[in-house]
Amino acid sequence: LSSSGVVDPLFNFWQFDQEVSIAAGPACAAALRNVTAAFEAAEQQGSAGPAAAAARKAMGARAGLSSSDFFYMLADSSAMAVQYGHKDTVCSAMTKAVSEGADLIAAFANFTTSLWGADFPSMCFYDTQCLTSSPDKWQPTSRSWRWQKCTELAYLQAAPTEGQSALPSLRTTRYLTMPDLLKQCEAVFGKHDLAAATERILAMFGGKNFKGSNVFFSNGSDDPWQRASVNTSEPSKQLPELTIECS
């Protein structure tokens, strides 16, 4: 049994954002895009300016956190809520904030710290500077997972570009591009040919066309990782698949 079995190394995993959008539903996805727009508006006044500083302070993030680090953390807060069974929590909070004309930055900050804890926005995982030079602050798995992504597997969750997805991106298209994410990787782990590395892993293990058989794949409909799993049945290889619809 392979539950949410991620087997396909994807260099540019833009489909991650698309699946979060589908799972959230149209109203919630629209609210989350409004949240992103609110943070972008503050950031566009200058990443070192008072509006950006106020947004970081509201979230409880380090004042000097880079734009790409900050928006990676914001995107993960809502995406993980959808992925890990808190879809109703994020959707009810943000659709309510939009309908009431509330301060979306404050509302999203309150949702994030209420669900994930006050230290979530300041985690080393989302801070390139910390991952580079502060080993005393590394969480047990944070740097090792980033190392796997930056040197072998990628799964870089960039915002979909025009033409990739039929749905508008939930995450910022300004600060979470592939060049932004590759720059993060290079800053922490040095320069790697990550596209070539993912091709080597694909060639070595086969991705969705791996050589195994008699494996049952199950995926949740809310799981954004399903695009990197086996999500169609292959009777000839005895590889059945079941997508479990999440309410």
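Before the entries, one term: a helix here is a DSSP run of H or I with at least four residues, numbered from the N terminus. I also note that this is a predicted model.

**Entry 1: the largest cavity**

The largest cavity comes out at about 150 Å³. I counted 15 residues in its lining, and Thr36, Leu74, Ala75, Ser78 and Leu170 are the closest to its centre. Which elements supply at least two residues each to this lining? I found helix 1 (15-24), helix 2 (26-43) and helix 4. Helix 4 gives the most, with five residues. Sorting the lining by class, I got ten nonpolar, three polar and two charged residues.

**Entry 2: the second largest cavity**

Next I went to the second largest cavity, which has a volume of about 80 Å³. Its lining includes Tyr72, Arg146, Lys149, Cys150 and Tyr155, and I also noted Arg171, Gln184 and Cys185 among the residues there. Helix 8 and helix 9 are the elements that give two or more residues to this lining. The classes divide into seven nonpolar, two polar and three charged.

**Entry 3: two backbone angles**

Tyr155 from the last entry made me check the loop between helix 8 and helix 9, where this residue lies. Its phi is near 50°, a positive value in a residue other than glycine. Is Tyr155 buried or exposed? Tyr155 has 5% relative accessibility, so I put it down as buried, the cut-off for that being under 20%.

I then looked at Ala154, which sits in the loop between helix 8 (142-153) and helix 9 (178-189). Ala154 is not glycine either, and its phi is positive, near 65°. With a relative accessible area of 0%, Ala154 is buried.

**Entry 4: the largest pocket**

Last, I turned to the open spaces. The largest pocket has a volume of about 350 Å³. Of its 18 lining residues, those closest to the centre are Asp76, Met80, Phe125, Tyr126 and Trp145. Two or more residues of the lining come from each of helix 4 (67-83) and helix 8. Which element has the largest share? Helix 4 does, with four residues. By class I wrote down eleven nonpolar, five polar and two charged residues.

A note to myself: helix 4 gives the most to the lining of the largest cavity, and the largest share of the lining of the largest pocket comes from helix 4 too.

Note on methods. Residues are numbered from 1 along each chain as its sequence is written. This is a predicted model: local features need pLDDT of at least 70, side-chain atom pairs count only at pLDDT 80 or more; totals for chains, interfaces and linings use all residues. Side-chain values use heavy atoms; hydrogens and water are left out. Buried means under 20% relative accessible area, exposed over 50%, partly exposed in between (1.4 Å probe, protein chains only). On a 1 Å grid over the protein atoms alone, a cavity is a set of points where a 1.4 Å probe fits but cannot get out, and a pocket is an open set with protein on both sides within 12 Å along at least five of seven lines; lining residues have an atom within 4 Å of a point. Grid points are joined across faces, edges and corners, and a volume is the space filled by probe spheres set on the points. Ala, Val, Leu, Ile, Met, Phe, Trp, Tyr, Cys and Pro count as nonpolar, Asp, Glu, Lys and Arg as charged, and the others, Gly among them, as polar.
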